[in-house]
Amino acid sequence: MQFQISAELMEQIKHLIEIEGDDQLHDMLSEIHFADFAEILSELSLSKATYLVKLLDSEKTSEALMELEEDFRERILENLSVKEIAEELEEMDTDDAADVVAELPDEIVEEVIAKIEDEKHAEDIKELLAYDEDTAGGLMAKELVKVKETWTVAGCVREMRRQAENVTRVHSIYVTDKEGKLKGRLSLKDLLTASAKTSISEVYIPKVDYVSVDTEGEEVARVMQKYDLEAIPVVDHEGVLVGRVTIDDMVDFIKEEAEKDYQMAAGISQDVEADDSVWELTRARLPWLILGLFGGLGSVFIMEGFEEALSKYKELFFFTPLIAAMAGNVGVQSSAIIVQGLANDNVKGSLFNRLLKEIGLSLISGVTLGILVILFGFVDGMDLLFSFTIAISLLCVIIVAALIGTFVPIILDKQGIDPAIATGPFITTSNDIFGIFLFFYLAKVILGF
């Protein structure tokens, strides 16, 4: 049965913390899964959560800390001593430990690492900190099971038992040469069915998918998704096996990237959360609002240039929000599809063919919506030529907006800029300006003012 946190349980935990009922807290929380324990911590005040982290064994609390929101985890760590932080890090996988160290104040990082008793663990953490956090090197963990191709099956099994003590989940067994260069992978079935004296070089599978330490996280995700991998080995520039990226780390990475893209699409220029300070939230949101302001002012200047049209055909003014809205909507739809395709590496083939496809889609949508506008004009008693003007303008605006929404993300991607920026206020504002200008220009041509 799934664990449920109730109000009664939380009250009991809070009461035991207040009276320092440590033995009872141990008995109550020792068998709880670390993810459930993390949920309990998040429901408590900072002081009470810190009390439990200090009370329980690091083997449980270290995993629970990694399940907490980053800001809350940082605040708990601020209340721990350097030695206590080091004890938590010793129980974590190296990739998680490196993430936590990266969150610590610079002035205590070296001191914390120096307090880690396992020197190899400490060196591995320092090595991971040298890589960019969004590359395979920054995402990988050092814990893995590897064997040498020169070993026998019997020797391999003995070494695997020793290595597996420090590995939470054994997804794959990797084979290296004497210099540590990745040669292939070992099938558990082949290992179990082979003679104890058989050399690993005779049974390992030489074909293995891998990535380099410099491979971007998005590319790592694409490779793992394409080949349905639970883990992928990481090699350095000499081909030496240095770590592995597991599916749980990749899921966390994809989630973070999706959150960043969502915020960027909403016009937020940096990663922020609801409980960040007013200044941080303002700094993230204000630049895009300023862009929208200038875009709106641009539309005002365009409309001022057609002042004569508005005095003669004041009805044009009432259709301006419709044109702007349709331009923005179509642009966002087109850009969202392209950005998703770029993220999944599905945008391939000739740009000319994509151009023809977008024009075709726009024509179908524009003609359909234009007919609806003409029908609306007929019911509302509008002049037929005026309704036709609105319909033609709408069709042209939709085509232009779709082309902008399609090709701006592709151009940004080719320039090394995150194309997700094109799904937010940037594309909406630019399409509003182009749409309004095109609307009044075509109205001038058709209506002859």
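1. Glu159 and Arg162 lie 3 residues apart in helix α12 (residues 153-164), and so are separated by about one helical turn; helices here are DSSP runs of H or I with at least four residues, numbered from the N terminus. Their side chains meet in a salt bridge at 2.3 Å, N to O, the term standing for a side-chain nitrogen of Lys or Arg within 4 Å of a carboxyl oxygen of Asp or Glu. Glu159 is buried because its relative accessible area is 18%, where buried means under 20%, exposed over 50% and partly exposed in between (1.4 Å probe, protein chains only).

2. On provenance, this is a predicted model in which local features need pLDDT of at least 70 and side-chain atom pairs count only at pLDDT 80 or more, while totals for chains, interfaces and linings use all residues. Residues are numbered from 1 along each chain as its sequence is written, and side-chain values use heavy atoms, with hydrogens and water left out.

3. By the salt-bridge rule the count comes to 8, and one of these joins the side chains of Arg73 and Glu103 at 2.5 Å, N to O. This pair links distant parts of the chain, since Arg73 belongs to helix α6 (residues 70-78) and Glu103 to helix α8 (residues 94-103), 30 residues apart. Arg73 counts as buried at 6% relative accessibility, and Glu103 is buried at 19%.

4. Lys83 and Glu87 also form a salt bridge through their side chains (2.6 Å, N to O), with both residues in helix α7 (residues 82-91), 4 residues apart. Lys83 counts as partly exposed at 49% relative accessibility, as does Glu87 at 32%.

How values were computed: Helices (H or I, at least four residues) and strands (E, at least two) are DSSP runs, numbered from the N terminus.
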